[in-house]
Amino acid sequence: MQIATLSALVDAEIGDSKQALATCEILDKQYPHGTFLQNYWLPVIRAKVELQRRNATKAISLLSVTPPFDAVIPDEFATSPVYPAYVRGQAYLAARDGRRAADEFKTIIDRPGMVLNLPLGALARLGLARAYVLSGRTAEARDAYQSFFKLWSDADPDIPVLRQAHAEFDLLKPAA
């Protein structure tokens with residue numbers, strides 16, 4: 001089950017919606033009473049598919065069952081990546097709701113012991129910066145971008161997400 005679940009998650013992340021949903025259906029039929037699968041992984045995977053389809057409202061709806069499980073440690077990981085909160089943050093960004101997106105990303109940032117050195121910790125800072133931009137909170141957005149850049153200071157500068165973050169940061173009005 002773990003390999004299939006993570007495979008579906010990867011498929012959703014890379015945009016192979018058809019394969020991700022096919023795997024979800026198989027898992028759904030094999031484990032209809034799997035509490036964690038049904039209330040954590042399947043909603044997250046399906047929400048990622050909806051985000052790929054640019055359907056933020058549907059993604060948010062799918063993720064409505066996940067909050068009670070955000071701090072639960074999945075069997076697949078030594079620590080909880082708080083992945084549903086991250087995907088909800090992405091969905092709120094896509095829905096242009098900066099306040100709610102910021103709340104979701106803060107959930108991750110405020111729990112560094114849950115993400116340790118997993119990428120979601122750094123990416124949550126980038127999400128928070130974007131949420132602040134949507135909310136018109138430019139000074140806070142600049143600080144959040146700077147926090148992200150600090151964490152990624154030794155990263156390859158050609159990583160697409162890092163290049164995109166620098167481009168977004170460069171568009172911010174200078175601090176007054």
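Author: On α9, the face turned away from the buried side carries Ala 139, Asp 143 and Lys 150, which are exposed. Exposed means over 50% relative accessible area, buried under 20%, partly exposed in between (1.4 Å probe, protein chains only). Helices are DSSP runs (H or I, at least four residues), numbered from the N terminus.

Reader: What kind of model is this?

Author: It is a predicted model: local features need pLDDT of at least 70, side-chain atom pairs count only at pLDDT 80 or more, and totals for chains, interfaces and linings use all residues. Residues are numbered from 1 along each chain as its sequence is written, and side-chain values use heavy atoms, leaving out hydrogens and water.

Reader: Which residues of α9 are buried?

Author: Ala 141, Arg 142, Ala 144, Tyr 145, Phe 148 and Phe 149. Down the axis of α9, they fall within an arc of 165°, so they line one face of the helix. The arc is that of the directions from the helix axis to the C-beta atoms.

Reader: And what covers them?

Author: The cover includes α8 and α10.

Reader: New topic. How many residues does α10 have?

Author: Helix α10 has 12, residues 160-171. It reaches 17 Å from first C-alpha to last, close to the 16 Å expected. The expected span is 1.5 Å times one less than the number of residues.

Reader: Which ones are buried there, in α10?

Author: Leu 162, Ala 165, Glu 168 and Phe 169. Their arc is within 125° seen down the axis of α10, so they line one face. On the other side, Pro 160, Asp 170 and Leu 171 are exposed.

Key
Helices (H or I, at least four residues) and strands (E, at least two) are DSSP runs, numbered from the N terminus. Contact means heavy atoms within 4.5 Å.
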